[in-house]
Amino acid sequence: MSSATSNANMSKNTVLVPVDDLQVGAICRTPIEDEIGRLLLGTGTRITNEVIDGLRERGIEELTVNAEEANGLSDRTKSSAVKAKPKNTRDKDASHAPGRDPTKWIKGVPLKDALVNRHHEPIDLTRRRTLQGHVKMARNKFEEIRLALTEKKMQTVEALSDLSGAFASAMVDDHDQTVGEVVASNTEMSLTDRSVKMGVLGMAIGTELDLDGPSVLEIGMAGLLHDIGLYSMDPAFSLPGRGPFSEEEGWEYRKHPVFSADSLREVSDIPHSVLLAIEQVHEQYNGSGYPFGLEGKRIHIYARILNVCDTYLRLTLGTGFRKALVPHDALGFILHQARYGSFDPQVIHALLRTKSLFPLGSRVELTNGKWADVIRRPVEGYACPVLQLSNGERFDMLENPEETVQPSCDPQRNQGRLSIEAMKNIRWNPADELFFDAE
């Protein structure tokens, strides 16, 4: 028999609730994990027959929950009483990173239902260190993969699957901080850093589209691996902020999605949907992409999501011949390009809900001249995020409607602005760098 544990401050006042006694329609008020730290039910999860079936399929027969919540979760008409928690419950395995096991994500249940609401909380420094540790782990794993590909010894991507799960767990625990801190622009962006940002932003958009946990994890894996073929090509192709390609280099570069997918086809634990997404990530919704010129719903949904992520990241990364766009202008440019059918409209709406008009992790300036960082999405609409001022004070724009903000260039990130007129006149070409003069 397997049981799961409530993470309500690790209170000793806990009881066992049989899965068969869960009340359909009840809402989980605190996250529930299993004994080794894997999230099973997130805060706000509504108990449905599908949720109950998913727990049963995984061998979970009982949930260990806070006694105060037990009656709200269980249907007492099914059993005489909840049982006291046994004293010999195993301690959590500290070496097991939460989120590593993809089987903990319930198929058919939108991951969005599991997100913990942290809207009224500040940025957590411990969580920040955890995210930094995940990124550092990614760099190490990518170096191992690079060597395995070079020596043609690539056999598994289990490590990156674990990594995808770790970022997904962090996003469930605090969506806004995870997206804001991981996806935020850097002055330099290695191939590894870019792939991590791609995976996390892709998972966030997939979550906003109501995809289930297993699907969101696959998007994360595709994002992490989408440029893996560049390791076997001219090293200049993978340099961050590279200059424009010659015509010959451009044609060669367009082959990399195929190289990426081909290099992984013999790996047994790669889902077919992930291979399709990797191969199609640079296809555009209107058929103007590469390498096959696919359009519309012929492009896999994962690829449609990651294509928008790729565009956003390219715009917010500076090059040797132009500055990076501030995230607000990058998002504005994407919205303008959507008029030409370049992107899946549903994905664009999900991106806007994920990042808001003033994207998470970006910097803004208030009318009083103070600057602030965007730390939380708006509760409603797109234009009233929660900010953190330079002195650490939390500032909710929804509670201060008279205050206005404008995007601010971060001098440490070599950022520039793009005028509305320029956004209207430039057409995005996914095969080439975007040429414009940032203000």
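This is a predicted model: local features need pLDDT of at least 70, side-chain atom pairs count only at pLDDT 80 or more; totals for chains, interfaces and linings use all residues.
## Helix α6 against helix α13

Leu 201, Ala 204, Ile 205 and Glu 208 of α6 meet Val 347, Ala 350, Leu 351, Arg 353, Thr 354 and Lys 355 of α13. By class, this contact comprises six nonpolar residues, one polar residue and three charged residues.

## Helix α6 against helix α7

Helix α6 also packs against α7, which covers residues 213-225; their axes come within 7 Å and cross at roughly 155°. An angle over 145 degrees counts as roughly antiparallel, so this description applies to α6 and α7. Their crossing is right-handed.

On the α6 side, the contact is made by Ser 195, Val 196, Met 198, Gly 199, Gly 202, Met 203, Gly 206 and Thr 207. On the α7 side, Val 216, Ile 219, Gly 220, Gly 223 and Leu 224 take part. Six of the residues in the contact of α6 with α7 are nonpolar and seven are polar, while none is charged.

## The loop between α6 and α7

Asp 210 is located in the loop between α6 and α7. The phi angle of Asp 210 is near 65°, a positive value in a residue other than glycine. Most residues other than glycine have a negative phi.

## Helix α7 against helix α11

Helix α7 has a further contact, with α11. The axes of α7 and α11 come within 10 Å and cross at roughly 55°. The two helices are therefore oblique to each other, and their crossing is right-handed.

From α7, the contact involves Ser 215, Glu 218, Ile 219, Ala 222 and Gly 223, and from α11 it involves Tyr 302, Ile 305 and Leu 306. This contact of α7 with α11 has five nonpolar residues, two polar residues and one charged residue. Ile 219 and Gly 223 of α7 take part here and also in the contact with α6.

The loop between α10 (272-280) and α11 (301-315) contains Pro 291. The peptide bond from Tyr 290 to Pro 291 is cis, with omega near 15°. Most peptide bonds are trans.

## The largest pocket

The largest pocket holds about 670 Å³ of space. Its lining consists of 26 residues, of which Gly 180, Glu 181, Val 182, Ala 184 and Arg 413 lie nearest the centre of the pocket. The elements that give two or more residues to this lining are α3 (125-150), α5 (175-183), α6 (191-208) and β9 (371-376).

Among the contributors to the lining, α3 gives the most, with six residues. By class, the lining of the largest pocket has eleven charged, eight nonpolar and seven polar residues.

How values were computed
Residues are numbered from 1 along each chain as its sequence is written. Side-chain values use heavy atoms; hydrogens and water are left out. On a 1 Å grid over the protein atoms alone, a cavity is a set of points where a 1.4 Å probe fits but cannot get out, and a pocket is an open set with protein on both sides within 12 Å along at least five of seven lines; lining residues have an atom within 4 Å of a point. Grid points are joined across faces, edges and corners, and a volume is the space filled by probe spheres set on the points. Helices (H or I, at least four residues) and strands (E, at least two) are DSSP runs, numbered from the N terminus. Ala, Val, Leu, Ile, Met, Phe, Trp, Tyr, Cys and Pro count as nonpolar, Asp, Glu, Lys and Arg as charged, and the others, Gly among them, as polar. Axes are lines fitted to C-alpha atoms, for helices over the stretch in contact, and angles run from 0 to 180 degrees between N-to-C directions. Angles under 35 degrees count as roughly parallel, over 145 as roughly antiparallel, 65 to 115 as roughly perpendicular and the rest as oblique. A crossing is left-handed if the near helix is turned anticlockwise from the far one by less than a right angle, and right-handed if clockwise. Contact means heavy atoms within 4.5 Å.
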